[in-house]
Amino acid sequence: MSLSRVKNLVILGATGSIGDSTLDIVARHPDKFNVYAITGHSNLEKLIQLTHQFKPKYVLISDVEHYSSLKFLLKDLDTQVLAGEDEMVNICKLSEVDLVIAGIVGSAGMSPVLATVEAGKDLLLANKEALVVAGDLVMQAAIKNNANIIPLDSEHNAIYQCLPSNYTVGTTPKDIEKIILTASGGPFWNRKAETFQEITPEQACAHPNWDMGRKISVDSATLMNKGLEIIEAHWLFNLELCKIDVHVHPQSIIHSMVCYKDGSVLAQLGEPDMRIPIAYGLGLRERISSGANLIDLLNNKDLQFFPPDYQKFPCLQLARDAVEQGGTAMAILNFANEVTVEAFLNKQIPFTAIAQINEHIMTKAIINKVENVQQLQFLDKETRIQTCQMVKNYV
Ligand code: NAD
Ligand code: MG
């Protein structure tokens with residue numbers, strides 16, 4: 001699809017960090033994009049401000065408790081106010097929609113992501129948890145319905161940029177030896193493991209290079225984020241685990257690399273600014289301005305690379321193990337991790353308990369083949385109950 005006419009966008013999670021970056025680019029290109037629908041979970045104020053600014057046809061609040069307040073507060077605008085997951089799924093499938101941007105955090109984004117690819121729409125995917133949980137179903141539906149998925153996660157977007165322009169996500173890239181996902185190492189890469197017990201949510205959320213939502217910031221601090229990204233790469237690029245390497249690169253300038261069989265390594269470089277991968281997605285591979293600065297390599301001479309430390313950051317190993325186990329293992333790990341991260345942010349458990357409880361859940365888990373969404377939703381509830389119990393009993 002080219003950028004010849006104005007594209008109607010659905011922005012899921014418009015009130016978050018990915019939403020901010022997306023809307024910043026969209027505002028620079030009114031000739032290319034129309035904000036058709038936006039969603040948010042509970043931040044009424046932001047949703048109202050965005051509705052006034054972008055005048056979408058639909059605004060949706062996923063937490064239905066806020067529906068009547070939002071409807072009342074927007075009564076003077078033409079925008080139609082909706083609420084809940086079912087309506088969100090319906091919006092993604094509407095014929096007027098050209099592109100869906102998945103910027104919801106967590107597995108709550110699974111149903112709209114699946115609905116988008118089932119409807120054969122182009123999907124710009126930031127919501128990695130949707131793919132970690134339902135990668136098999138999403139990729140099968142995308143291929144069956146000819147839906148184009150463009151990864152927005154900076155590493156996967158970098159890989160996508162380093163693959164030939166006729167490459168289709170979901171297929172194994174030709175002539176490659178492996179891919180290398182880079183990782184900043186997060187805020188605690190150089191911190192002594194003995195002090196991890198004392199880490200506070202504020203420290204964990206203060207990422208050295210990227211400004212992101214709280215859940216992904218904690219995941220970056222435990223390196224679970226890189227683990228989820230290994231799983232994401234496994235599904236997006238149809239690669240076995242042995243073809244996916246991780247290099248810690250604290251400067252976050254190289255966003256990932258593709259190693260070809262002739263010895264060539266292609267990398268994508270840039271400022272750590274999510275507007276770069278999002279603009280590449282919105283442009284459907286055409287380059288459009290993003291507002292990001294060009295990287296100044298003369299002032300960034302030290303590009304370092306280290307192997308990841310699996311002892312210090314056990315979540316990374318848990319993710320690799322889950323890919324090896326296959327089936328529902330990846331979903332279970334993700335569900336458990338969503339609960340433990342939330343519990344850490346609420347100061348119910350220490351930082352180190354995130355990995356410990358995730359590991360306990362994985363050791364006890366019974367792994368099955370992924371069959372359908374209902375099975376995953378049931379597993380989500382079950383795993384959350386078990387993990388909450390472990391959080392409560394944690395001493
Ligand atoms: P965020 O917390 O800033 O925003 C999350 C968005 O999801 C908000 O709009 C919120 O209203 C919505 N949301 C939260 N819970 C929801 C629920 N139960 N149902 C429906 N909507 C809900 O998070 P973020 O940093 O923008 O991250 C969003 C996704 O993008 C995550 O999956 C993250 O891993 C991925 N991602 C983010 C970045 C980044 O730089 N922020 C980079 C790469 C990937
Ligand atoms: Mg990333």
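Modeller: In this predicted model, 57% of the 395 residues of the protein count as buried.

Colleague: What makes a residue count as buried?

Modeller: The label needs a relative accessible area under 20%. Phe313 has 1% relative accessibility, so Phe313 counts as buried. Trp189 has 15%, which is also under 20%, so Trp189 is buried.

Colleague: How do you know whether the radius of gyration agrees with that of a compact globule?

Modeller: For 395 residues, a compact globule would have a radius of gyration near 21 Å, and the protein has 20 Å, so the value agrees. Along the principal axes, the C-alpha atoms fill a box of roughly 55 × 50 × 40 Å. The protein exposes about 17,200 Å², and carbon and sulfur atoms supply 49% of that area. Its secondary structure comes to 15 helices and 11 strands. Among contacts between residues at least 6 apart in sequence, 69% join residues at least 24 apart.

Colleague: How many aromatic pairs does a search of the whole structure find?

Modeller: The search finds 10 aromatic pairs.

Colleague: Why is the pair of Trp189 and Phe313 called stacked?

Modeller: Planes under 30 degrees apart count as stacked. Trp189 and Phe313 have 15° between the planes and 6.1 Å centre to centre, so the pair is stacked. This pair links distant parts of the chain, 124 residues apart. Trp189 is in the loop between β8 (176–183) and α8 (201–205), and Phe313 is in the loop between α11 (275–282) and α12 (314–325). Trp189 and Phe313 belong to one aromatic cluster, together with Phe188, Phe196, Phe306, Phe344 and Phe351.

Colleague: What makes a charge sit over a ring?

Modeller: NZ of Lys or CZ of Arg must be within 6 Å of the ring centre and within 35 degrees of the ring normal. Lys75 lies over the face of Phe72, at 4.5 Å from the ring centre. Arg285 lies over the face of Tyr160, at 3.7 Å from the ring centre.

Colleague: Which residues coordinate the magnesium ion (ligand 2), and how do you know that they are donors?

Modeller: Donors are N, O and S atoms within 2.8 Å of this metal. Asp153 (OD), Glu155 (OE) and Glu229 (OE) coordinate the magnesium ion at 2.1 to 2.3 Å, so they meet that limit. Along the chain the donors follow the spacing D-x1-E-x73-E. Glu155 is in helix α7 (residues 154–161) and Glu229 in helix α10 (residues 224–236), 74 residues apart. Both Glu155 and Glu229 are buried.

Colleague: Why is Leu131 called buried?

Modeller: Leu131 has a relative accessible area of 1%, under the 20% limit, so Leu131 is buried. Leu131 is placed in helix α6 (residues 128–144). Beyond four places away in sequence, Leu131 touches residues including Glu232, Trp235 and Leu236.

Note on methods. Residues numbered from 1 in each chain as written. Chains lettered and ligands numbered in written order. Predicted model: local features only at pLDDT ≥ 70, side-chain atom pairs only at ≥ 80, totals over all residues. Heavy atoms only, no water. Phe/Tyr/Trp six-rings, centres within 6.5 Å; stacked < 30°, edge-to-face > 60°. Helix = DSSP H or I, 4+ residues; strand = E, 2+ residues; numbered from the N terminus. Buried < 20%, exposed > 50% of the residue type's maximum accessible area, 1.4 Å probe, protein only. Rg over C-alpha atoms; globule rule 2.2 N^0.38 Å. Contact = heavy atoms within 4.5 Å. Areas by Shrake-Rupley, 256 points an atom, 1.4 Å probe, with all protein chains shown as cover. Donors = N, O, S within 2.8 Å, 3.2 Å for Na, K, Ca; no water.
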